[in-house]
Amino acid sequence: MSRAFSGKPAEDLTVEALVRDELTPDDVRIHPATLEAQAAVAELHGNPQLAANFRRGAELTRFSETEIIAFYEALRPRRSTMDELMALADQLAARDAPTCAALVREAATAYAARGLLR
Amino acid sequence: MVEQPVGRVRFMDEQRVNLDGFAREDPALGLVALHSPADPAPSLRVVDGIVVEMDQKARDDFDTIDRYIAVHGLDLAVADEAMALGDVAAARLFVDPAVPRSEIIRLVGGMTPAKLARVVAVLRPAELMMAMTKLRARRTPSNQAHVTNLLDDPLLLAADAATAAAYGFRELETTVPVLADAFSNAVAVTVGAAVGAAGVLVQCAVEEAMELEMGMRGLVSYAETVSLYGTEGVFIDGDDTPWSKALLTSGYASRGIKMRVSSGAGAEVLMAGAEGCSMLYLESRCVSLARAIGAQGVQNGGIDGASVAAAVPRGVRELMAENVMVMARNLESCSGNDALMSESHVRRTSRTLPILLAGSDYICSGFGSIQRYDNMFGPSNWNAEDIDDWLAIQRDWGVDGGLRTASPSSLGELRTRAVEAVRDVYRALGLGDFTDEQLAKAVDAAGSKDLGATDALAVLDAAQAIRGTGLTALDIARALHDTGHDEAAARVLAMAVARVHGDHLQTAAIFDEDMRVLSLVTDPNEYAGPGTGYEPSPARQAEIDGIRQERGVEDLRVSQSSFAGGYLTSSGPAAFGTDPRDVVIGVSPGVGRTVWQTLSGMLVVDVLQELLDGLEEEGCLARIVRVNSTIDVGMVGLTAARLAGSGIGIGLQGKGTALIHRRDLPPLANLELYSMAPTLTPEMYRLLGANAGRHAKGATPVPARNPYTDEAIEARYHTSVISLVALERDCVDPAAAPEQLSFQEPRS
């Protein structure tokens with residue numbers, strides 16, 4: 001049985017709990033461990049890229065919605081300088097998001113080569 | 001002076017298909033479906049585990065799309081084997097039922113975009129169908145609906161979302177004519193869907209960041225508006241890169257939200273950025289990239305550019321090939337068939353039919369469940385106008401197109417619950433209020449034009465309040481519960497809780513109505529030839545077969561009984577007439593017993609009255625006789641003729657078929673015949689009576705002629721004919737002699 005991001009077991013996520021005001025948004029959020037488990041399933045079913053996505057997703061559970069939208073914005077064309085992207089990668093790495101950090105570094109190199117930096 | 005074409009050509013010019021644009025192939029503009037001279041030959045060189053050349057391009061020349069695919073999208077362990085396969089040899093694997101899907105998936109993992117495009121281009125239409133049948137990820141096919149309206153009216157959105165769920169759609173996609181309304185639409189459709197059925201996924205298509213925000217709040221349950229393009233220029237014009245899309249994809253995963261990307265032929269052509277490449281090759285790049293960034297599925301098959309593809313030779317084939325590429329890359333296929341690609345009903349049906357027959361994860365990536373005018377994505381290839389057609393086609397072919405008949409008697413109640421749920425949620429959360437009259441109008445409306453005046457600002461206010469106060473799915477579920485909509489509350493909560501499990505993040509996932517996830521993992525397609533793969537369960541088959549228009553003999557018996565009247569009574573065995581003016585009208589065995597109304601809608605007694613009046617005009621004496629031994633109208637007429645003093649008889653079947661017979665003719669010969677019973681009129685029967693009288697007097701009248709119609713009259717009436725014949729057959733007694741009937745005029 002899965003547990004929610006908050007740690008609450010999924011079987012506790014009932015209408016009764018809702019009515020008792022016991023549920024918060026983090027109770028209906030996915031836990032990074034669950035995304036890891038789903039990554040393993042995806043790998044077994046012939047899709048390592050989907051698995052990698054779930055693992056990046058697991059890392060991103062540690063970030064707020066606003067932060068995730070900001071990361072996305074930063075990666076859009078000509079939004080960021082090389083330094084900004086490197087700083088973003090460092091920030092991700094520092095908060096235990098190494099594969100996301102690697103994605104940003106890889107983007108920075110590609111953007112430099114293709115004129116997509118700010 | 002330009003010479004005017006002949007009438008035949010002018011007539012053909014007026015047909016609907018000629019409203020469509022047809023483009024000459026023009027590779028320079030990308031107006032070419034399967035092959036362009038500019039498409040690279042497939043190639044792949046790997047040195048020390050690094051791709052140094054792909055599809056004729058050296059690593060230093062890679063654009064962002066090449067680069068992302070080269071690093072993330074290829075299984076280099078099988079690349080040598082896969083790239084060495086001939087195009088035809090590989091294509092044969094796609095259709096060979098003895099080669100398992102998993103083997104295709106393994107090999108395609110090592111194919112570059114150009115290679116996969118070349119392989120799929122080999123497949124002819126029937127082979128594409130075979131490949132789709134075998135390669136789609138999920139065993140059980142499914143379908144997606146658009147639910148939108150011109151006004152963003154929340155009540156109508158909810159009623160229509162519930163209706164779409166009742167018709168069997170497992171995903172509902174809404175969007176907005178006014179961007180700021182998005183949050184209101186998301187809530188209305190989510191509530192309506194939950195009233196309609198459990199486990200319906202909901203999406204609100206807007207720009208990327210807002211869509212993500214609604215997803216994270218649980219106001220929608222999947223995302224699809226994450227567009228990919230096949231050339232770097234167009235990709236950047238779309239304000240994204242492969243890395244921004246990859247991050248966005250992971251952002252959805254981080255909150256347990258299902259998502260797929262969108263691509264499809266024509267987008268690059270429309271933005272003048274196709275770089276001279278074929279639509280298939282560019283789409284192959286999109287599909288490879290979708291796999292590389294870790295999306296679980298792709299909506300393609302033209303989408304907004306479907307009519308661009310359809311304008312060029314082999315373009316519709318290209319659209320289906322796009323879906324097959326998605327499946328071969330082991331991804332969920334949401335198979336286009338959304339944007340209306342032709343003004344011609346024949347062409348738009350032709351575009352979809354192979355996919356409906358083969359089955360896809362989602363056959364339509366947006367069947368317009370509302371009327372064309374209310375579809376804010378633009379009219380779909382299939383719309384509310386066509387739901388009954390779709391249901392009939394499913395039934396005709398015995399295939400599962402994802403839809404079922406929503407019982408007409410329950411729809412009013414369902415829509416009422418949906419609008420009440422939205423009213424109560426909006427009221428409870430302080431988002432707005434609606435009058436009983438507004439509710440009643442939305443329940444009954446076939447589209448937003450039936451709503452009358454609505455308050456556009458109220459929708460805007462509600463949307464701003466939902467966004468501004470940070471409402472989530474939990475608030476919606478709570479409000480539903482507090483206002484007595486317990487079932488819908490439980491369903492909204494269940495969709496939120498599903499995120500905690502994340503099983504629906506796997507490829508091609510839908511929920512069934514018991515909230516079980518059906519996906520590549522839990523419901524894999526294992527088609528391996530006849531007798532394998534998806535087969536509807538008996539219950540599902542009954543849904544497919546049981547359209548609401550079905551009629552049987554018992555329905556017709558009830559309908560006929562409602563016209564019963566005691567106007568024809570037997571007065572004993574029929575005698576042989578001797579008067580030369582004696583003409584006999586023979587009626588079939590069921591007349592006045594099981595059959596009272598003909599196919600034209602006239603009562604049999606009214607038909608008889610016309611015949612009698614016609615005979616009277618000619619000064620004849622008429623008798624009515626029921627022939628009990630046969631239902632054959634020729635034999636009925638001949639039997640009547642043999643009883644008649646004049647030797648002339650009229651045969652009349654209960655369904656209205658009538659003829660004039662003469663006693664010396666063979667049974668299948670006759671003097672005059674009305675075989676088109678549904679189109680006969682009182683005047684025609686009167687003429688037949690008069691002509692019978694003229695024959696009796698030895699004259700040669702101008703024969704009565706069957707009326708002509710170009711309508712599918714047989715399609716309309718054959719089921720009734722079969723049932724009427726069965727009702728008549730019930731009354732046949734081969735040993736019984738003809739009996740004289742006395743006739744009282746029904747209207748005196």
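## A hairpin in chain B

In chain B, β18(B) pairs with strand β19 (residues 658-662) in the antiparallel sense, over 5 bridges. This is a predicted model. One of the facing pairs joins Gly649(B) to His661(B), its bridge partner in β19(B). Together β18(B) and β19(B) make a hairpin, with 5 residues between the two strands. Gly656(B) sits in the turn and has a positive phi of about 115°.

## The other neighbour of β18(B)

β18(B) also pairs with strand β16 (residues 582-587) of chain B. Here the sense is parallel, and there are 4 bridges. At Leu652(B) in β18(B), the residue standing opposite is Val587(B).

## How covered is the strand?

Are the residues of β18(B) buried or exposed? Strand β18 covers residues 648-652 of chain B, and 5 of its 5 residues are buried. In a regular strand, side chains alternate between the two faces of the sheet. On one side of β18(B) are Ile648(B), Ile650(B) and Leu652(B), and on the other are Gly649(B) and Gly651(B). Both faces are covered, as the residues on each side are buried.

## An exposed residue in a helix

Glu437(B) belongs to helix α20 (residues 436-444) of chain B. Why does Glu437(B) count as exposed? Glu437(B) has 9 C-beta neighbours inside 10 Å, and a residue with 12 or fewer is classed as exposed, so Glu437(B) falls in that class.

Glu437(B) and Ala641(B) are 204 residues apart along the chain. Their C-alpha atoms are separated by 65 Å.

## Two domains

The domain assignment divides chain B into domain 1, made of 136-224 + 331-544, and domain 2, made of 555-743. What distance lies between the C-alpha centres of domain 1 and domain 2 of chain B? The two centres are 54 Å apart.

## Where chain B touches chain A

Contacts between the chains involve 53 residues of chain B and 43 residues of chain A. On chain B, several helices give two or more residues to the side that touches chain A, among them α2 (64-73), α5 (101-108), α10 (208-216) and α14 (279-293).

By residue type, the side of chain B that touches chain A has 23 nonpolar, 21 polar and 9 charged residues.

Note on methods: Residues are numbered from 1 along each chain as its sequence is written. Chains are lettered from A and ligands numbered from 1 in the order in which they are written. This is a predicted model: local features need pLDDT of at least 70, side-chain atom pairs count only at pLDDT 80 or more; totals for chains, interfaces and linings use all residues. Two residues are in contact if their C-beta atoms, placed from the backbone, lie within 7 Å. Ala, Val, Leu, Ile, Met, Phe, Trp, Tyr, Cys and Pro count as nonpolar, Asp, Glu, Lys and Arg as charged, and the others, Gly among them, as polar. A residue is buried if 20 or more other C-beta atoms lie within 10 Å of its own, exposed if 12 or fewer, and partly exposed in between; C-beta atoms are placed from the backbone. Two strands pair if DSSP finds at least two bridges between them. Domain bounds come from an automatic or database domain assignment.
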